[in-house]
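Welcome to a short tour of one protein chain.

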Amino acid sequence: MKPSAGAESPYAWWRLLSSLALMTLGGVGMYSVTVVLPRIQEDFGVARGDASLPYTITMVGFGVGGILMGRLSDRFGVMVPVIGGAIGLGLGFIAAGAATTLWQFSLAQGLLIGLLGTSATFAPLVADTSRWFTRRRGIALAICMSGNYLAGAVWPPVTQHFIDAGGWREAYAFIGVLCLLTMLPLALVLRPRPPTLAPERDVAVAITPVGDRPLGLSPGALQALLCVAGVSCCVAMSMPQVHIVAYCTDLGFGAARGAEMLSVMLGMGVASRLISGWISDRIGGLRTLLLGSVLQGVALLMFLPFDGLVPLYLISGMFGLFQGGIVPSYALIVREHFAPMQAGVRVGTVLMATLMGMALGGWMSGAIFDLTGSYQAAFINGIGFNLLNVAIVLFLLGRARARGVGLGRTQGMVNTVSTPV
């Protein structure tokens, strides 16, 4: 590999910008369905819980696809799954826009948009970025994963605009064509393989007996705990993100105001991810995760007593600012405790858990609404799951302190290897 294409090189930063753009474009698969939720409910004549099901199926496909695309990325390089993802998104949006039944719409969302499309522009790009940076890994991961929130800031109002102008079906067809035209050229920038994939590097890492029991746990146990934490924090996170448009519609503010709140929420999430990336390079992934989780719980509590238009705008921005650094922390924790050659699968598995949490929470909040007739109980449910996440992170921090494991900047340089499950 040419020296100019090494870790922390100018090319690495250009590659990071391409990954950011791809994640922003690919993230449309995650957020467009939340904007069309009220239209889907009306068009197909279903209950709120049933209308939430396509989002849940999309997120399940997104999560499972993250592991599959991570394996493809580890074996063939990240360009291959990203090209497949661009094609999946293009065909998926066109097919979903032409659906005549809820199950057809759900199938296009789950299989083409979630499993094959958006998943290729999330976990594989995160894992790939982690292998191009060492000293600035935290901020690099934060920049990369900001694409997911940039998508949330950009796509809801754009999608709502095209829905108002021509209908949700036409909006979906436009998005599909746009993904094909923009993502395929960007994928070609990712052709060089990461410097840590050199054969001699992998062999050296594989035989290094460091970190056999990270935090005194087996690698499988640690990953399982991270997965449970990921599910629980994202069940809590999904309540405002998935249902804010429908919530505003129910309150009489209209879908457009809800789309604006979602945009504010995720726009502030971009700032949160960048700030959290800078913080995580100094205090480590676990402490950053704890900080974000506690603040997310505070923001969720604020939704309970306030339902006015201005307070909801403020709380939505506060929620985004508080929780934006949570998911990137998991990727950093994985890189602090597992071998670089396992990055694609390990990161993909943990991020799959966070997406499963979003899927479960999105459906659960709709079902709770159908049972109770309001979103108050759904917010309380999210707070409970958030407390479970905080408890797990506190347990892992206690294990780290008991074993004298560094939690700051140097941890990622020391505990980078472990024995696979």
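## Burial and overall make-up

A residue counts as buried when its relative accessible area is under 20%, as exposed when that area is over 50%, and as partly exposed in between. With that in hand, look at Phe 303: its relative accessibility is 0%, so Phe 303 counts as buried. Please keep in mind throughout that this is a predicted model.

The chain has 421 residues, and 59% of them count as buried. Its secondary structure comes to 18 helices and zero strands. Among contacts with a separation of 6 or more, 86% are between residues 24 or more positions apart.

## The largest nonpolar core

Which residues have the most contacts inside the largest nonpolar core? They are Phe 105 and Val 126, in a core of 115 residues. Helix H11, which spans residues 219-251, supplies the largest share of this core with 15 residues.

Beyond its neighbours up to four places away in sequence, Phe 105 touches Val 33, Val 36, Ile 40, Phe 44, Pro 54, Ala 96, Ala 99, Trp 168 and Tyr 172.

## Aromatic pairs

A search of the whole structure turns up 15 aromatic pairs. Take Phe 303 and Phe 319: their ring centres are 6.2 Å apart and their planes meet at 70°, so the pair is edge-to-face, the class for angles over 60 degrees. This pair links distant parts of the chain, with Phe 303 in helix H13 (residues 285-303) and Phe 319 in helix H14 (residues 309-323), 16 residues apart.

Is Phe 319 buried or exposed? Phe 319 has a relative accessible area of 0%, so this residue is buried. Both Phe 303 and Phe 319 belong to one aromatic cluster, together with Tyr 247, Phe 369, Tyr 375 and Phe 379.

Helix H8 (residues 137-166) and helix H15 (residues 326-337) pack at about 140°, with their axes 10 Å apart. That angle makes H8 oblique to H15, and H8 passes H15 in a right-handed crossing. Arg 137, Gly 138, Leu 141 and Met 145 of H8 meet Val 327, Pro 328, Ala 331, Leu 332 and Arg 335 of H15.

Thr 118 sits in the loop between helix H6 (102-117) and helix H7 (123-130). With a relative accessible area of 2%, Thr 118 is buried. Setting aside residues up to four places away in sequence, Thr 118 touches Gly 26, Gly 27, Gly 29, Met 30, Phe 62, Leu 89 and Ile 113.

Val 64 lies in helix H4 (residues 48-76), and its relative accessible area of 34% makes Val 64 partly exposed. Which residues does Val 64 contact, leaving aside neighbours within four places in sequence? They are Leu 115, Met 352 and Met 356. Val 64 and Met 356 are 292 residues apart along the chain, yet their C-alpha atoms are separated by 8.7 Å.

Technical notes:
Residues numbered from 1 in each chain as written. Predicted model: local features only at pLDDT ≥ 70, side-chain atom pairs only at ≥ 80, totals over all residues. Heavy atoms only, no water. Core = buried A, V, L, I, M, F, W, Y, C linked by side-chain atoms within 4.5 Å. Buried < 20%, exposed > 50% of the residue type's maximum accessible area, 1.4 Å probe, protein only. Helix = DSSP H or I, 4+ residues; strand = E, 2+ residues; numbered from the N terminus. Contact = heavy atoms within 4.5 Å. Phe/Tyr/Trp six-rings, centres within 6.5 Å; stacked < 30°, edge-to-face > 60°. Axes fitted to C-alpha atoms, helices over the stretch in contact; angles between N-to-C directions. Parallel < 35°, antiparallel > 145°, perpendicular 65-115°, else oblique. Left-handed = near helix turned anticlockwise from the far one by under 90°.
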